[in-house]
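Subject: Structure for you to look at

Hello,

Here is the structure I said I would pass on. Please open it alongside this message.

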2 protein chains.
Amino acid sequence: MSTTLTWLEEFAAHSSMDVSVVGLDELPGWERDPATGNIRHHSGKFFTVEGLEVSRPEAPVSGWTQPIINQPEVGILGILSKRFDGVPHYLMQAKIEPGNRRGLQLSPTVQATRSNYTRVHQGRPVPYLDYFRDTSRHRVLTDVRQSEQGAWFYRKRNRNMVVEVAEEVELLDGFRWLTLAELHELLAVEDLVNMDARTVLSCLPYGLQDGEDDDFHRALARSFDPRLPGVHTMGDVLTWITDRRSVTDVVAERIPLNSVRGWELADGRVSHETGCFFDVIGVNVEARGREVQGWAQPMIKPIGEGVVAFLVAPIDGVLHVLMHARTEPGYADVVELAPTVQCTPENYWHLPPTARPAYLDQVLGADPAAIRYDTILSEEGGRFHHALNRYVVIEVDAGFTGPHPEYRWLTVHQLGELMRHSYYMNVQARSLMACLHSLTTTRLTTASRALLGSR
Amino acid sequence: MSTTLTWLEEFAAHSSMDVSVVGLDELPGWERDPATGNIRHHSGKFFTVEGLEVSRPEAPVSGWTQPIINQPEVGILGILSKRFDGVPHYLMQAKIEPGNRRGLQLSPTVQATRSNYTRVHQGRPVPYLDYFRDTSRHRVLTDVRQSEQGAWFYRKRNRNMVVEVAEEVELLDGFRWLTLAELHELLAVEDLVNMDARTVLSCLPYGLQDGEDDDFHRALARSFDPRLPGVHTMGDVLTWITDRRSVTDVVAERIPLNSVRGWELADGRVSHETGCFFDVIGVNVEARGREVQGWAQPMIKPIGEGVVAFLVAPIDGVLHVLMHARTEPGYADVVELAPTVQCTPENYWHLPPTARPAYLDQVLGADPAAIRYDTILSEEGGRFHHALNRYVVIEVDAGFTGPHPEYRWLTVHQLGELMRHSYYMNVQARSLMACLHSLTTTRLTTASRALLGSR
């Protein structure tokens, strides 16, 4: 692992990006539509910042309007896989994005919007893209369309692909072959493995895990076993999801950005009057070592650091994860399964107490001895500016809570089955699945984690 | 079966509906929005008729505009099940809808839009609805959200439910308990089992079938067996669907109805300038034996009779169905699996020959000896006026065609697995699945089919 960090540091020396915040009205190539106020690129490509009107008559907050990113095109997030001496390796890229807090992250082999690969921005061709556009000579290990942040994106989805090749693959500068075990170790490093890599890794079909040496790891390994039943059958899980999608009353309609209420454009950014949630900002980018040399774009800059947590518990010796049937206005079909807790705590101070997320107190007050994973990771740096979340896995006793209509205990195998299909598991849950899976091969002590965190 | 037909006839004697076509501008309770021309109910409920702009740059017809029904609310299509002497029975309703060509059809126990059960139209309560709204005391056999016609509806979906009860159920006038075998026989009767009943029945989890007495039925029974592989693995099928959804370039945007081009409002209806596709008409309804006594509404009236066909073939003794990855503009995610052929042949005369549907000639010219199922059935009579399709299952030799990127051979078991999830199988394919399944219990001769057709 340390050699990978060294390689990243060396690569960082000749790859940099200067990002400066500029006013939304001063973004070269971008304009505000005079009628709607929507922010769009003059080519009509990439994405637009529009408004969304959300109505949830039965929720504690029964309605609101907000800015939202509309990016209808579906991109490719692809990792190339190849066996060396029989061991699968994954080709990862050292990549900077303008929203990254500190430089390079480990990214998938390919991370390309359709505008990227149809070359709207006149950049260089995307390396390795052909392996994903024509898979006929290769073995497709996973290929599934998954959603992204439904609070910030309107129905955004990307294609998550892992393609295994047998042939020789040229190793380009900025790319490196890593094993799954190495990737799992690197997942414990603060802000290193990017969101796109995490979601693709989570969609890899996982096999049975070895038996392990303590109760937690034994229960985790058993949770991958399709022969061991969960507390709910798969049929019951699917029925529950249908029910939540049907009884949840939500309407989300796109509206002009200049019709959003409670938000204002001042000082070149769009902000909520409470100062909460997020700002829409503009950035100017000067890059070395990327497809193009300079560009400008709007970004979403979240306020505050979020918490994304799985509460997990062994039930009859099989680890279960407490999943939340969560509604976000940008989802294609009302509800997706989300982590037990997913929020930015400081967004709740001005909301009614009934709006406070369930189980947040259990997460914030968890016994350190029960924390199985705890790392700061960031969301997509191509659209979100310094969007950091604390990703946590906490072991609890399943008896600590009674039945709740919006929550169910599922096994890792069941979650894996759901991830073979689109739009069941949200992007934060998929990230945490990659983290949870990493615990099958890593045994990080608090000390080593602190060391890694300080890279 | 004949007793069911007699019961229907008796019920028809005291249940009737007068439907008269009236101009769209003369529909009580409905109005045209002055700005957009969209047709809406004054309550804002039910549905609206809007415009849709479709762009498919790589297709033979690269773009068009059309009227489309927008009905965002998700209704319930529910069948109640109960065992009598250990045999499952299903509670079916004799129901008239204004679009029915001739009177009563067999419908699910409950067929309710949200407007129905929130009582927007001030009608009587929907019988048996509570079994589906609160399932806690019952056994849910299936509960899945599925799409409906993507050519006429914008992202319409309904919840398909089968709920088994153990308790006594009051039998109301107009309802009847039928076994699956009885329903299968009735599926061979022309225009009798309505679309909603067919789609709910198709979503029932089917078990293994008995071995059968001829090659076709033996291959059909084996096609339900999860242990017998299809020519593609389930992983390959899912990957193929993702690929088709990703490479198919389609954008469908809602536009004002008065912006559709090539369509005109004349004589109180909206028609295409070629006379093809469909008209939007208005109807006035006087009903006896329904929730409300009279109402008016717009409907879609398709031009011509459609053909909906499965080509099926035994491969290694297991029946496979040739499925089409089809794009309709109203689908939530680009592509759903459709029958091998699904079209109205006369809509193609003015289109380029490359737009002619694949395999249509094989269907229209099929050897009568190879036809396993052949019945005229209609689409939802609550929105579509005399929308009749010829549903056909034709046995072929799998070798008759080579690989085609938009088509794959799947087993019945694989199709059943896909139907546990939303938006994989379109409504016409689900109807044909119910018909195909009916062949496991029925042996209709051409003579008996003709007799039944003449009810």
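This is a predicted model: local features need pLDDT of at least 70, side-chain atom pairs count only at pLDDT 80 or more; totals for chains, interfaces and linings use all residues.

Residues are numbered from 1 along each chain as its sequence is written, chains are lettered from A and ligands numbered from 1 in the order in which they are written, and side-chain values use heavy atoms, with hydrogens and water left out.

Chain A overall

Chain A has 11 helices and 24 strands; helices (H or I, at least four residues) and strands (E, at least two) are DSSP runs, numbered from the N terminus. Its C-alpha trace spans about 60 × 55 × 45 Å along the principal axes. A compact globule of 455 residues would have a radius of gyration near 23 Å, and the 21 Å of chain A agrees with that. That radius is taken over C-alpha atoms, and the globule rule is 2.2 Å times the number of residues to the power 0.38. Of the 455 residues in chain A, 59% count as buried (under 20% relative accessible area, with exposed over 50% and partly exposed in between; 1.4 Å probe, protein chains only). Taking contacts (heavy atoms within 4.5 Å) in chain A between residues at least 6 apart in sequence, 73% join residues at least 24 apart.

Aromatic rings

Over all chains there are 22 aromatic pairs. Rings of Phe, Tyr and Trp (its six-membered ring) pair if their centres lie within 6.5 Å; planes under 30 degrees apart count as stacked, over 60 as edge-to-face and the rest as tilted. One of the pairs is Trp263(A) with Phe278(A), tilted, at 4.9 Å centre to centre and 40° between the planes. Trp263(A) belongs to strand S14 and Phe278(A) to strand S16 of chain A, so this pair ties together parts 15 residues apart in sequence. Both Trp263(A) and Phe278(A) are buried. In chain B, Trp30(B) and Phe47(B) also form a tilted pair, with 5.0 Å between centres and 45° between planes. Both Trp30(B) and Phe47(B) are buried. Ring pairs also link Tyr128(A), Tyr131(A) and Phe175(A) into a cluster.

Gln71(B)

Gln71(B) is in the loop between strands S5 and S6 of chain B. Is Gln71(B) buried or exposed? Gln71(B) is buried, at a relative accessible area of 2%. The side chains of Gln71(B) and Arg383(B) are joined by a polar contact of 3.1 Å (a pair of N or O atoms within 3.5 Å; within protein, one must be able to donate a hydrogen and the other to accept it, and residues adjacent in sequence count only if both atoms are side-chain atoms). Leaving aside neighbours within four places in sequence, the contacts of Gln71(B) include Phe46(B), Phe47(B) and Thr113(B).

In helix H10, 12 of its 12 residues are buried. Asp214(B) caps the N-terminal end of H6(B), with a side-chain oxygen 3.1 Å from the backbone nitrogen of Phe216(B). Phe216(B) is among the buried residues of H6(B), as are His217(B) and Leu220(B). The buried residues of H6(B) pack against several elements of chain B, including strand S18, helix H9 and H10.

Regards
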